[in-house]
Amino acid sequence: MRWIEIDITRPDETAGELLQAARDRQDELPRLQADLGLDSPMVARFLEEQGQLLFKAVQSGSPEAFAVDFDGPHGYHLIVDQADLTLPWNCLHNGLRFLLEDAPVCASPWSLEDTGTAQPHPWLNRWRQTRFTEGVLGEADAAEVARHYRPEDSSEPEILFVNGRVDGPGRARAREESAQLDNALEKTCDGIRLARLDTPEHPPTPSGLVRRGRSYQAFHYSDVTHREPIRPESDHIDIDPWTGDGGHPGGDLEVVGVDPVTSILDEVSDRSARDLPPSWAPRPAAEAVALASPAWEFEDGPLRPEDLQRHHAAPLFVFSNSWLSLPGLGSRFLQAGTSTFVGTQALVANRDARSHCADIYQALSAGLGVAEAVREAALGARERLGPDHPLWLSYGVIGMGPLALQYL
């Protein structure tokens, strides 16, 4: 597949006004869905109008940006400012049809050749080598690529299923989602299984995810997709909490007669054993803002992309099947070190969310890249439910669209 890169990081005045209009309107979407219903045709119409604004913004600076002068499969890789990753770029609409009908679309703060890191991820080198080889020898199928890069008898890449549901019925729905994903990933591609799902018996804790993050190539997080999750009343619960009223270790224990020096030594020893920084270390202003931002919620407290970033534990691929995860978490995961993020950009009924993400994994297990898989599932939903049902426009992908399981 040939990727067409379009850089809009320096928009002209007209493009800047159009982008601002799209940002302002996007905030209206949750209220619109609450008033009209999650599946209202007006939601699809709203996303179409957003797509037209974005299309005009791109064309304002690059009139020929979407002119394809060759035959063959292609995709659009939009290079945008970090703040604009929250916009629904996969809804680009030229006034007649959605671009997604013809090609996958993804947005990223980097080009495909410069990912913003000194050393590219190994998967990216594998993709580039495969792309070069295909230019000479012709297209290779996913199973052939997997066999080439995986030593004999090596295990498949692992995707950790992270259950964020805390109530009884929610746990059952999460198990159903896990089973659907596992079934999708069990499908082989010419005899090769491209990845497998690891579903722990008990949901991992935030600190457990930080410690185990490097062991997995991907996370799949499951939570409610139609409403904001219920947050703990005390939002300070964190894997790196401030301790004591005085903001220093042992401060809260001195009142009840515990020696604060002993408390400090015990805490330092415990946190060192868990590879966590001192809880009283001052937080930079940017991190303080992140503490008030959306997070993955657990019974044990929240987990934020910044927590994973601090410990270099963000996986290469993250799928957050949760409430408005793309605008709330997507760009932050990319900053934390994730290559590709898939999430919701509209409210989605839970049953639709489970079946749709299973369709995406079905396409991934066949060897498609992430952006292609999101498009494949979107077109399937459009054919099944009709173009006026917003499900097919409700998921987006940011980061590196070509990432595929065979390269992990």
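**Reading the terms in a predicted chain**

The accessible surface of the chain comes to about 18,300 Å², with 50% of that belonging to carbon and sulfur atoms (Shrake-Rupley method, 1.4 Å probe; for residues, only the protein chains shown count as cover). This is a predicted model, in which local features need pLDDT of at least 70 and side-chain atom pairs count only at pLDDT 80 or more, while totals for chains, interfaces and linings use all residues. Residues are numbered from 1 along each chain as its sequence is written, and side-chain values use heavy atoms, leaving out hydrogens and water.

Me: Why is Gln33 called buried?
Reply: Buried means under 20% relative accessible area, exposed over 50%, and partly exposed in between (1.4 Å probe, protein chains only). Gln33 has a relative accessible area of 1%, so Gln33 is buried. Its place is in helix α2 (residues 29–36); helices (H or I, at least four residues) and strands (E, at least two) are DSSP runs, numbered from the N terminus.

Me: Which residues does Gln33 contact, leaving aside its neighbours within four places in sequence?
Reply: They are Leu38, Val43, Ala346 and Leu347, where contact means heavy atoms within 4.5 Å.

Me: What makes α1 roughly antiparallel to α3?
Reply: The axes of helix α1 (residues 13–26) and helix α3 (residues 41–61) come within 8 Å and cross at roughly 160 degrees. That angle makes the pair roughly antiparallel (under 35 degrees is roughly parallel, over 145 roughly antiparallel, 65 to 115 roughly perpendicular, the rest oblique). Axes are lines fitted to C-alpha atoms, for helices over the stretch in contact, with angles from 0 to 180 degrees between N-to-C directions.

Me: How do you know that helix α11 is largely enclosed by the rest of the structure?
Reply: In α11 (residues 325–336), 10 of the 12 residues are buried, so the helix is largely enclosed. Among them are Leu326, Arg332 and Phe333. Just after α11, Gly337 takes a positive phi of about 120 degrees.
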